[in-house]
Amino acid sequence: MQGEALLWLALKAIAIAAVPLAYVYFSRDQQKLRKLAWVTAFLTFDLIMFGSFTRLTDSGLGCPDWPGCYGHSNPLSAGEEIRAAETALPSGPVTMTKAWIEMLHRYFAMAVGFLIIVLMVMAWRRFGRARTPQHRSAAVLATLVLVAVCLQGAFGAWTVTMKLQPAIVTIHLLGGMSLLALLVWQALREEPPRALVAGAARLRPLAIAAFLVLAMQIALGGWVSTNYAVMACPDFPLCHGELVPTMDFRHGFTIWRDLGMTPGGEPIPFQALVAIHWVHRHFAYVAFAVLAWLAFRAWNVPGLSWQARALALTLVVQFLTGLSNVVLQWPLALAVAHNGGAAALVALLVTVNFRLARAQRAGAAG
């Protein structure tokens, strides 16, 4: 890719990032770092949803190179190459619409990356002015967030260059969720301490377990999506009229293989897709139970009550959107909403874990 095209890509990202930066700069909030951290977390949440829209519209290979589009900074400049690819394979992944969807996703991803760089610079500058342990740990966390977004960018590139290999795409999804979790944690660190009732820290093991269970369920959901196994079980609550249908776990959960293929290069058996879907569906019951129990335990805990209520509501909505994807034959809006619900659950559980960790530290200090 030519240097001029790379420069234009960078300028587009900076131009997009300038909007939230201006919003933070001109806001009346004196805690600019906190404000920018929350804005960046919110935009990362939006980016996760747009990434799911990109994947669900089969636009992931709309531009089959990276970071540009056929070596250009935008699809219009690559119009000749896109039209040639579409003519050669009309049903293929390359169209002008898909190219724009893919490139818009990249523009926004680069803009978030730029905001994270600004966050890190602000955190280290603050530490330079006031060398406290708290400011130092905040600066280190900001650096870790930058490393995370760089890794996420690398997996984004491999997603394209390795032609949507399921393992890479799933890791890319988990990377987005991890980045959101880190940004929410970073933003919460900038918030003033909030009191929790005595004994609230006893919920922390349950909150940690809930987060780990959710991470596993998101990984299984990503595996369903990246293998296009959403409709492998088209009925509910049974699967092909059976509680335990015929399944091929060996091929379904062979991690390193090309999309739609077995490691030996043969088309993946349909029973493997059934196994992928069935495991995700049934582990959802476990995740629902664990997260619902946490919401119930935290329902009346001061400092956690609104998170508990939001967790319960989001959990119900997430269950309904997941069910609707099967019953209504995978409508795009509900599929994107299901991804957004998972991201919302991540943000809520990070918040709960942060509050409990702070309460535990306060109890130990007291």
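Ground rules before we look. This is a predicted model, so local features need pLDDT of at least 70 and side-chain atom pairs count only at pLDDT 80 or more, while totals for chains, interfaces and linings use all residues. Residues are numbered from 1 along each chain as its sequence is written, and side-chain values use heavy atoms, with hydrogens and water left out.

I'm calling a pair of cysteine sulfur atoms within 2.5 Å a disulfide. How many disulfides does a search of the whole structure find? Two. One of them joins Cys63 to Cys69, with the sulfurs 2.1 Å apart. The angle about that S-S bond is -80 degrees, which makes the Cys63 and Cys69 link left-handed. The other is Cys233 with Cys239, sulfurs 1.9 Å apart, and with -70 degrees about the S-S bond that link is left-handed too. If you number the bonded cysteines in sequence order, the pairing reads 1-2, 3-4.

Are these cysteines buried or exposed? For that I use relative accessible area with a 1.4 Å probe on protein chains only: under 20% is buried, over 50% is exposed, and in between is partly exposed. Cys63 and Cys69 are both buried, and so are Cys233 and Cys239.

Now the backbone. When I say helix, I mean a DSSP run of H or I with at least four residues, numbered from the N terminus; strands would be E runs of at least two. There's a cis peptide bond between Trp66 and Pro67, omega about 5 degrees. Pro67 is in the loop between helix H2, residues 32-56, and helix H3, residues 79-88. Another cis peptide bond joins Phe236 and Pro237, with omega about 10 degrees. Pro237 is in the loop from helix H7 (204-226) to helix H8 (249-252).

Tyr70 counts as partly exposed because its relative accessibility is 25%. Leu164 has phi near 60 degrees and lies in the loop between helix H5 (133-161) and helix H6 (166-189). Why does Leu164 count as buried? Because its relative accessibility is 17%.

On to the rings. Phe, Tyr and Trp rings (the six-membered one for Trp) pair if their centres lie within 6.5 Å; planes under 30 degrees apart are stacked, over 60 edge-to-face, and the rest tilted. By that rule we get nine aromatic pairs. Take Phe50 and Phe53: a tilted pair, 6.0 Å centre to centre, with 35 degrees between the planes. Those two are about one helical turn apart, because they sit three residues apart in helix H2. At 22% relative accessibility, Phe50 is partly exposed, and Phe53 is partly exposed at 27%.

Phe50 also pairs with Phe108, and this one is edge-to-face: 6.0 Å between centres, 85 degrees between planes. That pair links distant parts of the chain, with Phe50 in helix H2 and Phe108 in helix H4 (residues 96-129), 58 residues apart. Phe108 has a relative accessible area of 35%, so call it partly exposed. Put together, ring pairs link Phe50, Phe53 and Phe108 into a cluster.

Then the cores. A nonpolar core here is a set of buried Ala, Val, Leu, Ile, Met, Phe, Trp, Tyr and Cys residues joined through side-chain atoms within 4.5 Å. The largest has 59 residues, and those with the most contacts inside it are Ile116, Met177, Leu291 and Leu294. A second, separate core of 16 residues includes Ala229, Met247, Ile268 and Val274.

Last stop, Ser52, which is in helix H2. Ser52 is buried, given a relative accessible area of 1%. Where does its side chain go? The Ser52 side chain reaches the backbone oxygen of Met49 at 2.6 Å. That's a polar contact, meaning N or O atoms within 3.5 Å; within protein, one must be able to donate a hydrogen and the other to accept it, and residues adjacent in sequence count only if both atoms are side-chain atoms.

Okay, that's my tour. Over to you.
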